[in-house]
Amino acid sequence: MKYAGIAGTGSYLPEKVLWNKDLEAMVETTDEWIRERTGIVKRHIAADGETTCDLAEKAARLAIEAAGIAASDIDLIIVATTTPDRVFPSTACLLQHRLENHGATAFDLQAVCTGFVYALGVADKFIRSGSHQTALVIGAETLSRILDWRDRGTCVLFGDGAGAVILRRQDEPGIQATHLHADGSYHELLTVNAGVSQGYAALQAGEAYIQMKGNEVFRVAVNTLGQIVDETLSANDLNKEDIDWLVPHQANIRIIKATARKLRMPLERVVMTVEDHANTSAASVPLALDTAVRDGRIKRGDLLLLEAFGGGFTWGSALVRY
Ligand code: COA
């Protein structure tokens, strides 16, 4: 039996920082409200002309370096993104070109904020099947491009960034399990209701923005993430105390704390980057993972529970022996 394991991680945040205080000048909000209701203090915003692929490339190069491989060793590239550079080719193909990799399987995956966890699950299955050996799995977003900067209910919540991992085939289980779900009946609660096939009317009217019923999303997110924790533990015969680190999607500190309570996990064992990054959608879990790997909190052999929830709704978890 062959398994997939994380050989290296990387991440990148754009240089420009937007503080809560800066937002006070843009919409009717306060630093205090944003901190109290979300835990967010600042977020990074891509520069004009800086694209999702630019962020993904920087994260990818760091992950490749950390794994000690060459870009030509990669035979699978998956970019989880809701904000691709182009309708096509995929951001994965654009990135592949920049990395001077030729011939790998390359595609984008769209599961909004759960995108990276989905991509990890898909790459794990490719590697376990024996068809592929070395995968570059990325979550990368320029969410700032689909925010309505006049809507205080959404524009304070999101940021831009990218996170990447290299997965390699190994004899011991690294990715132990992934649990991936969706329920499209919730599609109206969190959406950008514009797209190619609907025609360009919304895009031309300047209305291709995130629309969200925040408190309804909040309620479903807390319940659903509680359920995915139970499902992951029971399907893998684990107790709560077996998990060394919770690496959650970074949408709102109150949602993260509710999941940690469910796991009876002290907050010292929860990786939290929401304060500095805000919600970077598909990039949020790999950004948090890379942060805690590089600052030495997550160590080889630790058992990690990654989880995410997002538009669709989509949700999922990955159990990873790092
Ligand atoms: N600044 C100040 N006031 C704001 C505000 C802001 N940025 N955004 C909303 N408000 C106001 C609302 O207008 C409302 O005012 P009202 O009582 O006069 O009508 C009040 O704050 C409470 O709004 P509500 O939406 O009930 O607040 P909340 O406690 O649910 O917090 C969110 C709002 C968006 C922070 C919260 O619902 C949330 O995090 N939801 C989940 C979002 C999410 O994670 N989405 C992505 C999932 S991947």
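**Domain arrangement, ligand shell and selected residues**

In this predicted model, the centres of domain 1 and domain 2, taken over C-alpha atoms, are separated by 14 Å. To the contact between the two, domain 1 contributes 52 residues and domain 2 contributes 46 residues. The domain assignment of the protein chain places domain 1 at residues 3–171 and domain 2 at residues 177–321.

The ligand is surrounded by 24 residues, of which the closest are Thr29, Arg37, Arg152, Gly214 and Asn252. Both domains take part in this shell, since domain 1 and domain 2 each provide at least three of its residues. Among the secondary-structure elements, helix H2 (31–38), helix H6, helix H8 (214–235), helix H9 (253–262) and strand E12 (303–310) each supply at least two residues, and the largest share, four residues, is that of H8. When the shell is sorted by class, eleven of its residues are nonpolar, nine are polar and four are charged.

In the side chain of arginine 152, an N or O atom is found 2.9 Å from an oxygen atom of the ligand, while a polar backbone atom of glycine 214 is 3.0 Å from a ligand nitrogen atom. Asparagine 215 places a polar side-chain atom 3.1 Å from an oxygen atom of the ligand. Of the 960 Å² that the ligand exposes when taken alone, 71% is buried by the protein.

Aspartate 148 is located in the loop that runs between strand E6 (134–142) and helix H6 (152–155). This residue counts as buried because its relative accessibility, 15%, falls under the 20% cut-off. The side chain of aspartate 148 forms a polar contact of 2.9 Å with the side chain of arginine 150, and, when neighbours within four places in sequence are left aside, aspartate 148 is in contact with Thr154, Cys155 and Tyr209.

Isoleucine 175 belongs to strand E8 (residues 175–182) and, with a relative accessibility of 0%, counts as buried. Beyond its neighbours within four places in sequence, the contacts of isoleucine 175 are Ala4, Ile6, Leu120, Asp124, Arg128, Leu167, Leu319 and Val320.

Apart from neighbours within four places in sequence, histidine 277 is in contact with Leu13, Lys42, Arg43, Gly159, Leu287 and Thr291.

Asparagine 236 occupies the loop between H8 and strand E11 (245–248). Arginine 261, by contrast, is 25 residues from asparagine 236 along the chain, and the C-alpha atoms of the two residues are separated by 20 Å.

Key
Residues numbered from 1 in each chain as written. Predicted model: local features only at pLDDT ≥ 70, side-chain atom pairs only at ≥ 80, totals over all residues. Heavy atoms only, no water. Buried < 20%, exposed > 50% of the residue type's maximum accessible area, 1.4 Å probe, protein only. Polar contact = N/O pair within 3.5 Å; in protein donor to acceptor, adjacent residues only side chain to side chain. Contact = heavy atoms within 4.5 Å. Near = heavy atom within 4 Å. Areas by Shrake-Rupley, 256 points an atom, 1.4 Å probe, with all protein chains shown as cover. Nonpolar A, V, L, I, M, F, W, Y, C, P; charged D, E, K, R; others polar. Domains from an automatic or database assignment.
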